[in-house]
Amino acid sequence: MVRNPERRTALVDAAIEVLARDGARGLTFRAVDAEAGVPKGTASNYFASRDELLAQVTGQIHQRIAPDPDEVDEVMTAPRGRELVTELMGWINRRVSANRTGYLAMLELRLEATRRPELREELTATMRSALEDDLRFHREGGLPGDRTAVLLMYLAMTGLMLEQLTLPGVVPAEETDGLIAALVDRVIPTDQGGGMSQAG
């Protein structure tokens, strides 16, 4: 049977919406069909199992939340200093708000991975690759801060994302910009020049 790639993509996008709204337990083929507005049984014709659908969702989420390369190029025209790192961290934070569905779906995937070894293995590889890309971007972009500093910022931003996605009232939104600036100030020494070292 010939399957339509565009419909497959639409089904995966629908699965992301269902995952973000209803959680992993609500992610059924029937729910995906309903979200995508297609006849019952369509999703099961495209995906052999729920695990296969989850695997497709993992890859698609990263495409949805990835920054526009042109926007990245524009941001990176600024001088390579701590101010630019602060701007990049703030930009990441704003993207969470703009792409809330994608990040919520990723959070649900993380939780589901604790119960599914195959998904955990795949998601770990995906997230590890994304982190290595971030480290390489920081290093090759000539940004200040060593590997440890970048990892600390990654962990801190992950925590901030978790708060904003689940209990946004814990850390008031008006405080986040100041907290991000303080984070960068504390993990990157004022006398550190551009370029990430291999230390850490």
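Visitor: What do the side chains of Arg 116 and Asp 51 do?
Guide: They meet in a salt bridge, 2.3 Å from N to O. Bear in mind that this is a predicted model.

Visitor: Where do the two residues sit?
Guide: Arg 116 is in the loop between helix 7 and helix 8 (117–140), while Asp 51 belongs to helix 4, so the pair ties together parts 65 residues apart in sequence.

Visitor: Which residue forms a salt bridge with Arg 116 at 2.6 Å?
Guide: That's Glu 112, with 2.6 Å between the closest N and O atoms.

Visitor: And why does Glu 112 count as buried?
Guide: Because its relative accessibility is 7%, and the cut-off for buried is under 20%.

Visitor: Which residues make up the network of salt bridges that share partners?
Guide: Arg 50, Asp 51, Glu 112, Arg 115 and Arg 116 are joined into one network.

Visitor: How many salt bridges does the count come to?
Guide: The count is 14. One of them is between Glu 52 and Arg 8, at 4.0 Å from N to O.

Visitor: Which helices does that pair link?
Guide: Glu 52 is in helix 4 and Arg 8 in helix 1, so to speak distant parts of the chain, 44 residues apart. Glu 52 is partly exposed at 28% relative accessible area, and Arg 8 is partly exposed at 24%.

Visitor: Switching to helix 1, then. What is its span, end to end?
Guide: Its end C-alpha atoms are 25 Å apart. Helix 1 has 18 residues (5–22), and at 1.5 Å a residue they should span 26 Å, so the two values agree.

Visitor: What caps the N-terminal end of helix 1?
Guide: Asn 4 does, with a side-chain oxygen 2.8 Å from the backbone nitrogen of Glu 6.

Visitor: And what follows helix 1?
Guide: Gly 23, and its phi is positive, near 80°.

Visitor: Which residues of helix 1 are buried?
Guide: The list is Leu 11, Val 12, Ala 14, Ala 15, Ile 16, Val 18, Leu 19 and Ala 20.

Visitor: What do those buried residues pack against?
Guide: Four partners here: helix 2 (29–36), helix 3 (42–46), helix 4 (50–65) and helix 7 (100–113).

Notes. Residues are numbered from 1 along each chain as its sequence is written. This is a predicted model: local features need pLDDT of at least 70, side-chain atom pairs count only at pLDDT 80 or more; totals for chains, interfaces and linings use all residues. Side-chain values use heavy atoms; hydrogens and water are left out. The expected span of a helix is 1.5 Å times one less than its number of residues. Buried means under 20% relative accessible area, exposed over 50%, partly exposed in between (1.4 Å probe, protein chains only). Contact means heavy atoms within 4.5 Å. A polar contact is a pair of N or O atoms within 3.5 Å; within protein, one must be able to donate a hydrogen and the other to accept it, and residues adjacent in sequence count only if both atoms are side-chain atoms.
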